Amino acid sequence: MAERRYRAVVIAASTGGIRAIRIVLGAIDKNFPLPILVVQHTSPDANNTLASVLGSDCRLPTMTAIARQPVEGGRVYVAPPAYHMLVERGPRLALSVDDRVCYVRPSADVLFESAADVWGQGVIGVILTGANEDGARGLQAIRSRKGLGIIQDPAEAEMAAMPRSALELAGADHVLPLVEIGSLLNQLCV
């Protein structure tokens, strides 16, 4: 059997993102083989229940990221409030309280750039609804290494700034309505 082209999926969203991520994750097959790493912009003092909320619609185990945790296929890792989530060689997760990027922590750019460094062309970056430009540089890093870029159609996003910024800076391999993104991930990866 040929080696799988893709090795991981990274997803980012901001305003309107909880609903959007739930729709994407809810469409993912139960036998999805890749790890999915999620950044949702949250308040630094938010409670740590986002993984439970997102996991309620997802057929994969969904958990809050822990520092030094090995990244395994078929699992969803969610950045905790007030921490950047990164990927290190291994692959393992890392958490950081470095400065905010695009006014936020966790930042999509931080996750996406580290994922591009570790997985190169094997990473799929997904940008969903949001009110700032976080994720644009990160998706550019993924696509510059021949990884795949998927962007929610800005015309139907609750907040168009994040997908529009990513589209303008990084371009995309696919610009899709929200309800089609999970199905595409299944087609590419299962």
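This is a predicted model: local features need pLDDT of at least 70, side-chain atom pairs count only at pLDDT 80 or more; totals for chains, interfaces and linings use all residues.

Residues are numbered from 1 along each chain as its sequence is written, and side-chain values use heavy atoms, with hydrogens and water left out.

Let me start with helix H3, residues 108–119, where helices (H or I, at least four residues) and strands (E, at least two) are DSSP runs numbered from the N terminus. Of its 12 residues, 10 are buried, meaning under 20% relative accessible area with a 1.4 Å probe and protein chains only; among them are Phe-112 and Trp-119. The buried residues of H3 pack against strands E1, E2, E5 and E7 and against helix H4, with contact taken as heavy atoms within 4.5 Å.

E5, residues 84–88, runs antiparallel to E6, residues 92–96, and five bridges join the two; strands count as paired if DSSP finds at least two bridges between them. His-84 stands opposite Ser-96, and between the strands lie three residues, with Gly-90 in this hairpin taking a positive phi near 140 degrees.

How many cavities of 30 Å³ or more are there? The count comes to one, a cavity being a set of points on a 1 Å grid over the protein atoms alone where a 1.4 Å probe fits but cannot get out. Residues lining the largest cavity, with an atom within 4 Å of a point, include Thr-42, Leu-50 and Pro-81.

Key: On a 1 Å grid over the protein atoms alone, a cavity is a set of points where a 1.4 Å probe fits but cannot get out, and a pocket is an open set with protein on both sides within 12 Å along at least five of seven lines; lining residues have an atom within 4 Å of a point. Grid points are joined across faces, edges and corners, and a volume is the space filled by probe spheres set on the points. The expected span of a helix is 1.5 Å times one less than its number of residues. Buried means under 20% relative accessible area, exposed over 50%, partly exposed in between (1.4 Å probe, protein chains only).
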